[in-house]
Amino acid sequence: MKRRRPYLFFLVTLLSSVITIVTLRAQGTDNTDKELERYREMLDDPMANPGYFNVDRGEQLWATARGKKSVSLETCDLGKGPGVLEGAYAELPRYFADANKVMDLEQRLLWCMQTVQDLDIKDVLARKFGSEGHTSDMEDLVTFIANKSNGMKFHLSLSNAQEQQAYAIGKELFYRRSSLLDFSCSTCHSEDGKRIRLQELPNLSKPGVDAQKTIASWPTYRNSQSQTRTMQNRLYDCYRQMRMPPPDYASDGMTALITYLTKQAEGGEINVPSIKR
Amino acid sequence: MSHRSNAKTVLRAFAGAAALAVTMTYGGLSAGLLADPLTEKDTPSAATMEGVLKGMWTEVKSGWEDRLVQDATQKTCSQYRNDPPAAEANAIVERETATIVMPADGNVLGDWKQGEKIASSGRGGQFSDPPNTENGGNCYACHQLSKTELSYGTLGPSLTNFGKDREFDLDAAKAAYAKVYNAQSVNACSNMPRFGAHKFLTEQQIKDVVAFLFDKDSPVNK
């Protein structure tokens with residue numbers, strides 16, 4: 001995907017979205033679903049998607065020599081051989097023999113930075129989530145790499161014991177109720193056709209279309225945050241809403257949860273970066 | 001409840017038999033073909049999960065440690081995926097009922113206008129909230145209440161006309177107070193938070209919410 005100039009389109013989209021919401025609020029329940037659908041269609045317009053700036057930055061960063069070894073990440077093995085990007089994201093998380101653990105893309109990238117480049121990742125972690133004036137290397141790299149699996153379908157083989165264990169732990173975490181409001185992931189994501197306020201909630205407790213559409217649309221450019229966010233960030237935000245402390249970025253537990261969710265999305269066609277509210 | 005559980009048990013037995021047949025037929029062919037590739041025997045041990053949680057939350061700020069620890073009810077509900085067997089469900093209802101503290105003066109009706117604000121607020125208790133943020137009940141996240149509020153969730157049932165449908169009966173209001181205080185005193189493993197038992201909402205806030213449900217002037221009953 002070549003660089004585009006999305007800002008004008010983006011502004012138009014944003015303006016239309018605001019008008020849509022105002023209209024929606026004025027019209028009452030009959031048109032609510034229809035208007036929400038229109039709003040989403042507009043958000044899906046790739047010409048208006050600033051997430052492609054992350055793709056471009058990620059592409060450059062992937063090829064930039066960094067760290068004490070002063071090499072790029074181009075020999076990093078994301079599971080399909082050193083430097084192979086096409087389709088790598090569609091099969092992550094997976095077990096990596098060299099690290100002897102199951103890793104998602106973000107965990108694996110940090111591992112490559114440390115082993116391939118001998119890079120001090122302190123600064124990378126400090127900017128793990130981009131903010132105004134601070135781009136995130138992780139969000140750029142993940143968006144670039146995930147984009148290389150566009151049109152492909154998620155397939156996790158879960159062919160060895162470690163991957164199966166990660167899936168089982170992820171499932172356990174999905175149903176684990178705790179904290180001040182007794183929430184777990186399943187509180188919001190285990191029934192079909194539910195909403196929180198006006199936001200539709202995908203049922204992630206079973207394999208199928210909901211999980212496929214949801215998981216295969218991350219990373220996504222989030223209008224409300226003006227940043228492109230990854231699955232690690234989405235889960236961090238879920239735990240915030242669940243009144244839990246912030247979970248450790250790229251920890252084994254997060255990878256396990258992502259393994260479970262991605263397995264639910266088996267067969268889902270990747271199309272990223274998407275745009276969401 | 002017990003009918004539902006019985007039916008589910010029967011269904012599970014069938015599903016179990018079917019799964020076994022599939023396993024025997026296609027054993028080891030491809031885990032990916034099955035809806036749920038792992039069976040109960042693969043459930044991670046408590047020790048494994050403890051290790052996972054420790055590694056997932058290495059820096060927990062002071063006072064937040066308890067949020068990682070499950071109480072007995074949370075543990076049971078997680079284990080049974082919110083559908084506990086009858087004996088466990090009864091134990092939960094009994095234990096949670098015992099937590100309820102009704103207002104000393106017997107009055108469960110506060111200020112419905114305050115209640116409406118509490119129902120609309122999803123703030124409080126999040127690591128992104130500034131200190132001393134007043135907690136909200138966020139009722140609208142899951143329930144329809146006032147007919148004029150279109151932005152409501154559907155995780156819980158619609159509560160429009162709640163008081164009116166109950167003829168503004170005081171005992172019904174007290175039952176509502178108990179339910180908001182601890183939803184699992186009514187339904188074991190309910191998705192609804194135990195607002196009073198967790199001290200997430202104060203007694204006054206719960207009274208206000210109950211008034212929002214029961215006051216004749218409340219938009220819930222208009």
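**Notes on the A–B pair and a annotated site in chain A**

1. Let's start where the two chains meet: 46 residues of chain A are in contact with 54 residues of chain B. Keep in mind while reading that this is a predicted model.

2. How much area is buried between chain A and chain B? About 4,800 Å², with carbon and sulfur atoms giving 56% of it. On the chain A side, A:R177, A:R197 and A:R243 lose the most area to chain B, and together they make up 18% of what that side buries.

3. Now for the polar side of things. Between the two chains there are 27 residue pairs in polar contact, both partners at pLDDT 80 or more. The count of salt bridges between chain A and chain B is two. One to look up in the viewer joins the side chains of A:D182 and B:R194, at 2.6 Å from N to O.

4. Which parts of chain A supply at least two residues each to the side that touches chain B? They are α7 (161-175), α8, β3 (194-196), α10 (231-241) and α11 (252-264). Of these, α7(A) gives the most, with nine residues.

5. Chain A also carries an annotated site. According to the unreviewed UniProt entry, the "binding site" annotation covers A:C185, A:C188, A:H189 and A:C238. These residues span 54 residues in sequence, yet no two of their C-alpha atoms are more than 11.1 Å apart, so they gather at one spot.

6. Take A:C185 from that group. This cysteine is found in helix α8 (residues 185-189) of chain A. Is A:C185 buried or exposed? It counts as buried, because its relative accessibility is 11%, and the cut-off for buried is under 20%. Leaving out residues up to four places away in sequence, A:C185 touches A:L173, A:F174, A:M242 and A:L257.

7. A:H189 is found in helix α8 of chain A too. With a relative accessible area of 15%, A:H189 is buried. Again setting aside residues up to four places away in sequence, A:H189 touches A:F174, A:L201, A:P202, A:N203, A:L204 and A:S205. Look for A:F174 in both lists: A:C185 touches it, and so does A:H189.

8. Finally, the partner chain. Among contacts in chain B with a separation of 6 or more, 60% are between residues 24 or more positions apart. Chain B exposes about 12,100 Å², and carbon and sulfur atoms supply 56% of that.

Technical notes. Residues are numbered from 1 along each chain as its sequence is written. Chains are lettered from A and ligands numbered from 1 in the order in which they are written. This is a predicted model: local features need pLDDT of at least 70, side-chain atom pairs count only at pLDDT 80 or more; totals for chains, interfaces and linings use all residues. Side-chain values use heavy atoms; hydrogens and water are left out. UniProt positions are given in the numbering used here, feature names are shortened, and annotations may be inferred rather than shown by experiment. Helices (H or I, at least four residues) and strands (E, at least two) are DSSP runs, numbered from the N terminus. Buried means under 20% relative accessible area, exposed over 50%, partly exposed in between (1.4 Å probe, protein chains only). Contact means heavy atoms within 4.5 Å. Accessible areas come from the Shrake-Rupley method with a 1.4 Å probe; for residues, only the protein chains shown count as cover. Buried area is the accessible area (1.4 Å probe) that two parts lose on being put together, summed over both. A salt bridge is a side-chain nitrogen of Lys or Arg within 4 Å of a carboxyl oxygen of Asp or Glu. A polar contact is a pair of N or O atoms within 3.5 Å; within protein, one must be able to donate a hydrogen and the other to accept it, and residues adjacent in sequence count only if both atoms are side-chain atoms.
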